[in-house]
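Here is a short briefing to read alongside your structure. Take a look at the fold first, and then we will walk through a few spots together.

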Amino acid sequence: MPGGVAQKRETDREPDVVAMPEADADQDAADQQVAVRESHEAIGREEVPDEGREESPDVDEAAVSAEDEAASKLQHDLTIEMGGGSHTVTKKDTLWEISEATYGHGKYWKKIRSANPGKVSARRNGHRDLIHTGDELALPLVKVGPRDAFEAMVVNDPALREFADQFAMNDEQLMGMLQQARSTGMTYAQMIDAQRQFYEAQAAERGISAGEYIAEMHGSIGGGTNAGKSTKWAEEVENGREAAWQARFEAAEEKVRTQSRPDVRQAIEEATANGGVFKWNPSKLDALGVVAMGSNWNITVGMDWVEAAEDDVDRVAASVMHEMFGHGAYGAVRAMFVANESFAQLDPEEQAKANPALVSLTFGYWESEIFAELIEFGHDRVDNPTDHAFGVNPSGEDMSDGKTQTHDVRKQLQEAKAGVAPTLLPGLLQGLWRRIQNEERIQDEARAMFLRDVREVLGDVL
Ligand SMILES: [Zn+2]
């Protein structure tokens with residue numbers, strides 16, 4: 001069970017952990033659910049007007065510019081370079097098949113032919129171009145699209161297919177995953193193994209078992225449980241106000257859909273086009289002590305969220321952008337996949353010592369959470385009923401608000417450092433960074449502060 005520190009933090013995070021297993025079990029990508037924390041605490045605070053985004057936040061621009069520049073050289077296009085090395089021709093080889101195995105599709109065969117002058121006999125008499133057994137063919141580096149790259153990589157990495165099959169990934173999501181696999185230089189099977197060994201090594205260091213270590217980590221970085229702390233909804237039910245609240249929720253949703261700022265409305269439309277809906281589940285959220293949760297493109301809300309929206313739609317803009325758009329757009333969480341599969345490799349007795357639903361969020365959820373926080377950043381206000389991405393908002397206002405854990409991006413990076421095998425971290429961050437770079441809704445200031453936090457939190461392990 002959590003100690004004092006964890007108690008302090010639990011309102012921020014732990015609830016979604018608990019919500020994971022039961023939330024939206026009907027969704028076709030249940031594992032991808034990222035149900036989310038947000039605390040009640042700030043509800044009712046005095047409104048602070050949003051002064052726009054002209055002012056620069058407290059960022060040392062010069063310090064991050066070098067990294068920014070280096071980062072901007074990452075692939076912006078939806079291609080990934082495949083090939084390199086060579087292939088020794090065997091009896092049944094064809095250029096088409098070599099191309100297929102190397103680049104994921106046979107259509108690149110002419111690239112191989114061009115790279116090997118003299119080793120491919122010209123087509124004649126209706127026969128195909130000939131290659132000769134024993135010849136060593138150079139395999140040129142070729143930029144191929146994510147679908148082709150995936151097909152080529154899955155040959156050596158079957159778990160990649162397993163992961164991809166769980167989710168309907170768009171090209172950008174697929175690129176993030178491929179980027180990770182490439183940067184890590186490991187197959188998913190190796191990553192999963194490395195993470196399991198990490199659990200075991202961490203446990204051994206503390207003289208406990210892997211299952212005990214994982215259970216302990218849930219307490220130390222995820223917090224304890226908020227369940228049952230609030231009786232607010234129960235009282236509403238007792239007083240017969242369920243129908244009235246349902247009506248208030250519907251009115252709040254309508255207000256948010258129609259009166260939010262244009263960029264928020266547009267994000268809601270995009271989420272809606274992807275099947276996302278507003279869900280009313282006050283008993284769950286109240287019991288968990290959260291304001292809102294996300295799963296796929298959905299946002300599930302409770303009483304505090306409705307009250308904030310009634311007061312001013314801008315107070316829930318950060319929450320909507322975070323839950324509906326941020327987590328929805330990020331999609332499949334690669335670190336979570338590795339964490340879950342690693343946990344599944346432990347002995348059943350060890351697994352029984354920890355809550356599998358907490359494994360995802362303790363060891364893998366940070367990736368999607370950081371992305372969602374960066375999306376949210378532009379809408380952070382002191383009177384959001386939720387936490388904040390950084391210590392300042394785009395207007396430079398102080399977001400710390402007397403709380404110890406308001407910088408969620410930094411917190412998530414700390415959790416990644418504590419919970420992910422060091423060999424995996426750089427690759428996971430590369431995939432995440434790629435997505436951050438290519439998401440136009442993320443502001444440059446947010447990118448800069450993210451890089452600053454990466455340097456400060458992970459500088460010694462990267
Ligand atoms: Zn989140």
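Please keep in mind that this is a predicted model. We start with the exposed side of helix 11, where Ala243, Ala244, Gln246, Ala247, Glu254 and Thr258 are found. From there we turn to the other side of the helix, then to a strand residue and a helix pair.

**Helix 11**
- Helix 11 runs over residues 242–259, which makes 18 residues.
- From first C-alpha to last it reaches 25 Å, close to the 26 Å expected at 1.5 Å a residue.
- Phe249, Ala252 and Val256 are buried in this helix.
- Looking down the axis of helix 11, the buried residues fall within an arc of 65°, so they line one face.
- An α-helix has 3.6 residues a turn, so residues three or four places apart point the same way.
- The cover over the buried residues of helix 11 includes strand 5 (278–280), helix 14 (303–311) and helix 15 (317–330).

**Phe278**
- Phe278 sits in strand 5.
- Phe278 is buried, because 23 other C-beta atoms lie within 10 Å, and the cut-off for buried is 20 or more.
- Leaving aside residues up to four places away in sequence, Phe278 touches Glu253, Ile299 and Val301.
- Phe278 and Val301 are 23 residues apart along the chain, and their C-alpha atoms are separated by 7.4 Å.

**Helices 5 and 6**
- Helix 5 (residues 146–154) packs with helix 6 (residues 158–166) at an angle of about 135°, their axes being 7 Å apart.
- That angle makes helix 5 oblique to helix 6.
- Helix 5 contributes Phe150, Met153 and Val154 to the contact, while helix 6 contributes Pro158, Leu160, Arg161 and Ala164.
- Six of these contact residues are nonpolar, none is polar and one is charged.

Methods
Residues numbered from 1 in each chain as written. Predicted model: local features only at pLDDT ≥ 70, side-chain atom pairs only at ≥ 80, totals over all residues. Helix = DSSP H or I, 4+ residues; strand = E, 2+ residues; numbered from the N terminus. Expected span 1.5 Å × (residues − 1). Buried ≥ 20, exposed ≤ 12 C-beta atoms within 10 Å, placed from the backbone. Arc of directions from axis to C-beta. Contact = placed C-beta atoms within 7 Å. Axes fitted to C-alpha atoms, helices over the stretch in contact; angles between N-to-C directions. Parallel < 35°, antiparallel > 145°, perpendicular 65-115°, else oblique. Nonpolar A, V, L, I, M, F, W, Y, C, P; charged D, E, K, R; others polar.
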